[in-house]
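Have a go at each task before you read its solution.

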Amino acid sequence: MNFFSWLYGREIKKIYQTWISLLIITIDTFSIKELARTLFYPWRSDFIKPVPPTLQTMFESWMLKLMSRFIGLFVRSATILTGVASIIALSVFMLVVFFAHLFSPLIVVATIIMIIFSSGYSSMIILSALLIFALFIIYLSVSYYNDKKYNPILPEPLINALSQF
């Protein structure tokens with residue numbers, strides 16, 4: 001019962017915390033909020049101020065500022081779209097990891113049943129099922145024992161243990 005409380009208790013919480021941490025890192029890396037706020041700002045603040053303000057130099061300056069704004073819009077939009085795509089891809093990947101972890105005991109049992117009753121299946125399907133079975137067993141056992149080794153259960157709450165120092 002200790003294994004299942006770990007599998008569906010602490011490990012699910014750890015996956016969720018990892019998911020949130022990766023989302024925060026991705027959002028911070030792409031700084032989508034800041035880019036959306038400055039979407040129409042000029043790229044690299046390329047402002048040209050004509051020294052003798054003639055009509056031609058003012059028009060050239062205005063066109064260069066407009067082009068700088070379009071470049072800024074293009075680069076920021078591409079970065080925002082890349083960031084949103086990264087967030088969606090990360091969320092889909094973490095959902096797959098979450099559900100694979102959630103149903104891992106069922107996947108192991110289903111793999112064993114498929115191997116036992118594999119009369120009409122090809123050898124490639126049986127080898128794939130054996131590989132899935134072995135990988136899940138290795139993953140679960142390594143995760144469980146590493147969690148116990150590096151994060152042992154404390155005999156008392158952490159606040160009480162720290163207050164003794």
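## Getting oriented

The protein chain has six helices and zero strands, where helices (H or I, at least four residues) and strands (E, at least two) are DSSP runs numbered from the N terminus. This is a predicted model, so local features need pLDDT of at least 70 and side-chain atom pairs count only at pLDDT 80 or more, while totals for chains, interfaces and linings use all residues. Residues are numbered from 1 along each chain as its sequence is written, and side-chain values use heavy atoms, with hydrogens and water left out.

## Exercise 1: the chain as a whole

Work out what share of the protein chain counts as buried, and what share of its contacts joins residues 24 or more positions apart.

Step 1. Start with the order of elements: from the N terminus on, it reads α-α-α-α-α-α.

Step 2. Next, burial. Buried means under 20% relative accessible area, exposed over 50%, and partly exposed in between (1.4 Å probe, protein chains only). Of the 165 residues of the protein chain, 21% count as buried.

Step 3. Then the surface: the accessible area of the protein chain is about 12300 Å², and carbon and sulfur atoms hold 75% of that. These areas come from the Shrake-Rupley method with a 1.4 Å probe; for residues, only the protein chains shown count as cover.

Step 4. Finally, contacts (heavy atoms within 4.5 Å). Among those in the protein chain with a separation of 6 or more, 80% are between residues 24 or more positions apart.

## Exercise 2: helix 3 and the core

Find the residues of the largest nonpolar core, and say which elements give two or more residues to this core.

Step 1. Here's the rule: a nonpolar core is a set of buried Ala, Val, Leu, Ile, Met, Phe, Trp, Tyr and Cys residues joined through side-chain atoms within 4.5 Å.

Step 2. Applying it, the largest core has eleven residues: Ile 15, Trp 19, Leu 23, Phe 30, Ile 32, Leu 35, Leu 39, Ile 80, Ile 87, Leu 90 and Met 94. Two or more residues each come from helix 1 (2-30), helix 2 (32-37) and helix 3 (55-102).

Step 3. Look along helix 3. Its 48 residues reach 69 Å from first C-alpha to last, close to the 70 Å expected at 1.5 Å a residue; that expected span is 1.5 Å times one less than the number of residues. The buried residues of helix 3 include Ser 61, Gly 72, Arg 76 and His 101.

Step 4. Zoom in on one spot. Ser 91 is found in helix 3, and it counts as buried because its relative accessibility is 19%. Leaving out residues up to four places away in sequence, Ser 91 touches Trp 19 and Leu 23, while Leu 23 touches Ile 87, Leu 90 and Ser 91.

## Exercise 3: the loop and helix 2

Step 1. Ser 31 sits in the loop between helix 1 and helix 2. Its phi is near 40°, a positive value in a residue other than glycine. Most residues other than glycine have a negative phi. As for cover, Ser 31 is partly exposed at 30% relative accessible area.

Step 2. Now the salt bridge (a side-chain nitrogen of Lys or Arg within 4 Å of a carboxyl oxygen of Asp or Glu). The structure holds one: the side chains of Arg 37 and Glu 34 meet at 2.7 Å, N to O.

Step 3. Both Arg 37 and Glu 34 lie in helix 2, three residues apart, about one turn of the helix. Arg 37 is exposed at 54%, and Glu 34 partly exposed at 39%.
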